[in-house]
Amino acid sequence: MTAARAMAMRPGPEGHMKLDRSALDALAHGAHADPFGALGRRDDGDGPYIRALLPGALSVEAIDAKTGASIGKLKQIEDTGVFEGAVRGVDPYRLKIDWPGQQQETEDPYSFGLLLGDMDLHLLGESRHFELAFALGANAMEIEGVKGVRFAVWAPNAKRVAVVGDFNAWDKRRNPMRLRHPSGVWELFIPRIGPGERYKFALRGPDGGELPDKADPVAKSAEPAPGTASIVADPKAYEWTDGDWMASRERRQEPDKPLSFYEVHLGSWMKDGRAVDWNFAIEKLIPYVSQLGFTHVELLPVAEHPFGGSWGYQPLGLFAPTGRYGAPEDFAKFVDAAHAAGIGVVVDWVPAHFPTDAHGLYRFDGTPLYEHADPREGFHIDWNTAIYNFGRREVQNFLIASGLHWLEQFHVDGLRVDAVASMLYRDYSRKEGEWVPNHLGGRENLEAIGFLQHFNAVMRERVPGAITIAEESTAWPGVTRTTTEGGLGFHYKWNMGWMHDTLNYMEQNPIYRSYNHDGITFGLVYAFSEKFVLPLSHDEVVHGKGSLIGKMPGDAWQKFANLRSLYGLMWTHPGKKLLFMGGEIAQWSEWNHDAQVDWPALDDPHHAGVQRLIRDLNAIYAKEPALHARDHLDSGFRWVIGDDRTNSVFAFRREGEDGAPPVLVVANMTPVPRHGYRIGVPKAGWWSEIINTDAGLYGGSNVGNGGGLEAQAVESHGEAQSLDLSLPPLSVIALRAG
């Protein structure tokens with residue numbers, strides 16, 4: 001035997017082989033950087049032996065996995081939790097472990113080879129792994145005939161990463177992971193555990209210091225707040241029944257179709273004396289949305305989030321439906337049921353920022369991994385949140401994979417992307433000196449622009465039937481132009497300008513509306529520059545802004561009349577429609593996320609009348625091609641009267657495809673009825689009054705045109721015939737030719 005070999009085989013502390021004191025101490029204290037180089041079955045020349053790290057165990061024995069016969073006992077080295085012993089040359093083996101009060105028999109996690117395949121590592125390296133949650137995170141599976149869970153996490157700057165959970169008493173020493181170079185991904189297979197297990201990752205930062213235990217960034221399930229652990233999800237695929245819906249979805253959501261969104265915060269929609277979960281939503285929410293004629297339900301963010309008061313807009317689990325409402329399969333069941341009822345599902349999705357909770361993404365591996373290091377680029381002062389580093393390829397991959405996860409795994413029909421304006425501008429809500437210009441010296445966030453274009457291009461390629469909707473509050477050009485045309489690539493954009501101008505107009509006392517006439521007309525200057533959604537969202541009825549009906553001027557009767565006319569204008573105006581829950585019943589109180597919609601208000605016929613109006617507006621919007629087929633085209637709209645400031649009267653025509661009957665819309669925004677108001681129309685014959693917001697069944701004064709009237713051969717407004725109309729007070733009427 002050479003001197004070198006003799007030195008290599010020299011017993012270490014207490015007689016164990018080839019493990020010096022520093023390595024032993026590192027294992028004992030959960031700081032060993034290469035656990036697979038120290039643990040498991042080994043053979044260093046004098047025969048095989050097994051080393052295991054099992055702090056707290058009373059005794060450990062290795063057994064033949066096939067026969068159960070003992071192949072050797074392992075003894076603890078000092079009081080380190082490290083057990084070691086020579087064994088007979090049998091493989092595979094299991095460990096029989098005596099714990100205080102129980103015995104465990106299991107395969108050794110450190111007996112398994114490399115886990116992630118070459119293709120996974122290649123795609124991760126290119127940052128184009130769009131099924132990220134099935135490569136990283138916790139995935140229940142079978143390896144070498146053994147059932148268990150494969151864990152993997154991206155933490156390139158960590159000194160050590162371990163899995164902790166109920167299965168190992170949350171002991172950070174027990175299950176250290178293997179680092180796969182150069183991907184920065186750590187992996188470990190833990191046998192004999194499965195779906196439902198709680199877990200986190202325990203990391204040491206670049207300096208070796210312990211970090212707070214971290215939830216899994218790509219967890220597919222999480223425990224309900226206030227808990228913060230991730231949960232191993234059931235790998236069984238949901239059995240979908242919505243094949244017909246999915247096949248027709250793309251056509252249903254195109255710009256020439258009627259789209260109306262009922263925006264919902266599920267936890268405060270209806271409580272009904274029972275737990276609010278997805279089964280409750282199937283039973284109550286879906287029939288309600290269907291009865292009112294909305295085409296879609298839009299859910300405030302349902303990704304896992306630690307603070308309920310954020311309404312979901314500060315998420316930390318971008319792949320996991322929140323545990324507040326049930327398991328992931330329950331959410332899938334809800335989407336399936338919505339599709340069966342002919343209802344699309346859109347979810348709000350938040351890629352702009354994330355909260356700095358210790359268990360989350362912030363300084364995940366001890367470095368600014370997901371966010372910028374410089375707070376001038378990486379921190380939102382308004383929201384006390386971190387901003388994603390959109391210029392980092394791995395972060396783009398993470399966010400795009402999240403968006404795809406909702407669309408592909410849960411059959412969600414669209415993503416409404418929150419706070420796009422905050423992403424596009426480096427100086428968003430910042431004073432001079434608080435932001436860093438781009439490399440060209442400008443305020444545009446070029447990295448975020450590139451991310452949004454990449455995101456939308458991937459969505460259109462992989463999920464062509466789904467839609468993306470931007471909440472973008474500025475005049476950024478080309479939000480809904482395709483990326484090949486140089487746009488951001490969204491399908492639709494919220495029309496925040498319309499919302500602000502219209503609400504400002506409606507809040508004016510009718511006496512003064514003549515001075516604010518442009519509040520209604522100005523929006524038509526740019527109405528066809530994008531494919532718009534008209535939003536009356538949750539943001540307008542919270543934080544002291546009051547309810548929609550509370551914004552309306554006048555006495556109680558006038559408030560209801562004004563609100564009905566607002567809805568009449570909205571549903572006949574070019575653009576898709578969105579209304580937040582509670583608005584459809586004209587509830588007096590502003591939204592409170594700890595309460596529910598004021599359903600008892602429906603006992604009052606005025607509130608019930610507004611609800612009935614919303615139902616009928618949705619019905620005529622869907623029925624009349626003139627009101628939706630050319631929503632995004634200037635050929636679908638023509639002013640007839642846009643300059644009657646004195647009377648605060650507006651009249652416009654909506655046009656459908658060739659041959660579709662036109663619809664004339666007339667708004668009288670004062671409380672004075674106007675009889676004998678003549679308006680020219682393009683067709684002779686009968687014009688049916690298809691909606692009148694002042695109708696008695698809606699709670700109005702029932703002034704109108706008796707269901708319709710005949711055009712007279714009197715020239716007006718450039719037309720050979722005209723209608724001699726009665727305009728009800730504070731109202732919108734719509735008449736269809738024929």
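Reader: Which residues form a nonpolar patch on the surface, and what accessible area do they have together?
Author: First, a caution: this is a predicted model. The patch is made of I511, Y512 and Y515. One of them, I511, is found in the loop between α11 (496-506) and α12 (518-521). Together the three have an accessible area of about 420 Å².

Reader: Is I511 buried or exposed?
Author: Exposed means over 50% relative accessible area. I511 has 62% relative accessibility, so it counts as exposed.

Reader: Which residues have the most contacts inside the largest nonpolar core?
Author: In soluble globular proteins, nonpolar side chains tend to be buried together. Here the largest nonpolar core has 181 residues. Apart from it lies another core of 18 residues, including V649 and W687. In the largest core, the residues with the most contacts are F151, W269, F331, F334 and Y567.

Reader: Where is T385, and is it buried or exposed?
Author: T385 is found in strand β22 (residues 385-387). Leaving aside neighbours within four places in sequence, its contacts include Q314, H353, F354 and P355. Buried means under 20% relative accessible area. At 0%, T385 is therefore buried.

Reader: What is the bridge partner of H353 in β22?
Author: β20 and β22 run antiparallel and are joined by three bridges. Within β22, H353 has as its bridge partner I387.

Reader: Which strands do the buried residues of α2 pack against?
Author: Helix α2 spans residues 21-28. Its buried residues include A23, L24 and L27. After the helix comes G30, with a positive phi near 65 degrees. The buried residues pack against β2 (48-53) and β5 (82-86).

Reader: How far apart are the closest N and O atoms of R251 and E254?
Author: Side chains of opposite charge can pair when their charged atoms come close. R251 is partly exposed, at 40% relative accessibility. E254 is partly exposed too, at 28%. Their salt bridge brings the closest N and O atoms to 2.4 Å.

Reader: How many salt bridges does a search of the whole structure find?
Author: Some join into a network, as with K172, R204, E210 and D213. Another case is D616 with R615, whose closest N and O atoms are 3.1 Å apart. The search of the whole structure finds 41.

Reader: How many residues apart in sequence are the parts that R630 and D658 tie together?
Author: R630 and D658 form a salt bridge, with the closest N and O atoms 3.5 Å apart. R630 lies in the loop between α16 (605-623) and β28 (637-644), and D658 in the loop between β29 (649-654) and β30 (663-668). R630 is buried at 14% relative accessible area, whereas D658 is exposed at 76%. The pair ties together parts that are 28 residues apart.

Reader: How far is Q611 from G568 in space, C-alpha to C-alpha?
Author: Q611 is found in helix α16. Its relative accessible area is 17%, so Q611 is buried. In sequence, Q611 and G568 are 43 residues apart. In space, their C-alpha atoms are separated by 13 Å.

Reader: What is the bridge partner of F652 in β30?
Author: β28 and β29 pair in the antiparallel sense over five bridges. They form a hairpin, and S648 in the turn has a positive phi of about 55 degrees. β29 is also joined to β30, by six bridges, and these two run antiparallel. In β30, F652 has as its partner V665.

Conventions. Residues are numbered from 1 along each chain as its sequence is written. This is a predicted model: local features need pLDDT of at least 70, side-chain atom pairs count only at pLDDT 80 or more; totals for chains, interfaces and linings use all residues. Side-chain values use heavy atoms; hydrogens and water are left out. Patches are made of residues with over 30% relative accessible area and no salt bridge: like charges are joined within 9 Å, nonpolar side chains (Val, Leu, Ile, Met, Phe, Trp, Tyr) within 5 Å. Accessible areas come from the Shrake-Rupley method with a 1.4 Å probe; for residues, only the protein chains shown count as cover. A salt bridge is a side-chain nitrogen of Lys or Arg within 4 Å of a carboxyl oxygen of Asp or Glu. Helices (H or I, at least four residues) and strands (E, at least two) are DSSP runs, numbered from the N terminus. Buried means under 20% relative accessible area, exposed over 50%, partly exposed in between (1.4 Å probe, protein chains only). Contact means heavy atoms within 4.5 Å. A nonpolar core is a set of buried Ala, Val, Leu, Ile, Met, Phe, Trp, Tyr and Cys residues joined through side-chain atoms within 4.5 Å. Two strands pair if DSSP finds at least two bridges between them.
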